[in-house]
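I opened this notebook to record what I looked up about nonpolar cores and charged pairs.

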Amino acid sequence: MSVTVREATRDDRLGVRRVLDAAMLEVRANLGERTDAGDVLVASEGDDAPVLGALVLLAPDDGAHVDAVAVRRARRGQGVGSALVRAAAERRGRLTAEFDPSVRPFYESLGFEITPVEGDGDRLRGRYDGAD
């Protein structure tokens, strides 16, 4: 079955939290507020299917910032995370993200321009303008 990406609803919050917690990711913004604002996307195999992946956006003035993106371990490497990021870019245009070097290949494969975070040698910053 194919994966679909949609805006999360309040009913998705537990599934989103489980996916983020399993990936050991903390969301800076209030997840309920981000969900109500349409800034949380979920990937699943249908409307009533469990959440396979989630992406949380922060909305600065010039595009959007990926605060967190996570996929269930059993579904990693199957395009779920890529579908989430592409859907976010379709909705918001330019995206930015900060991440650990271990996930650099994921962001590079999507076409993010990557630079080191100034003053933090252990983090990278990526920018995606929506063009593949």
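**Basis.** I worked from a predicted model, in which local features need pLDDT of at least 70, side-chain atom pairs count only at pLDDT 80 or more, and totals for chains, interfaces and linings use all residues. Residues are numbered from 1 along each chain as its sequence is written, and side-chain values use heavy atoms, with hydrogens and water left out.

**Cores.** I looked up nonpolar cores, meaning sets of buried Ala, Val, Leu, Ile, Met, Phe, Trp, Tyr and Cys residues joined through side-chain atoms within 4.5 Å. Buried means under 20% relative accessible area, exposed over 50%, and partly exposed in between (1.4 Å probe, protein chains only). The largest core has 24 residues, and Leu55, Val66 and Leu95 are among those with the most contacts inside it. Helix H3 (80–92) and strand S5 (95–99) are among the elements that each supply at least two of its residues; helices (H or I, at least four residues) and strands (E, at least two) are DSSP runs, numbered from the N terminus. H3 gives the most to this core, with six residues.

**Salt bridges.** I searched the whole structure and found ten salt bridges, each a side-chain nitrogen of Lys or Arg within 4 Å of a carboxyl oxygen of Asp or Glu. Arg75 pairs with Glu45, their closest N and O atoms being 2.7 Å apart. Arg75 lies in the loop between S4 and H3 and Glu45 in the loop between S2 and S3, 30 residues apart. I noted that Arg75 is buried at 17% relative accessible area, whereas Glu45 is partly exposed at 28%.
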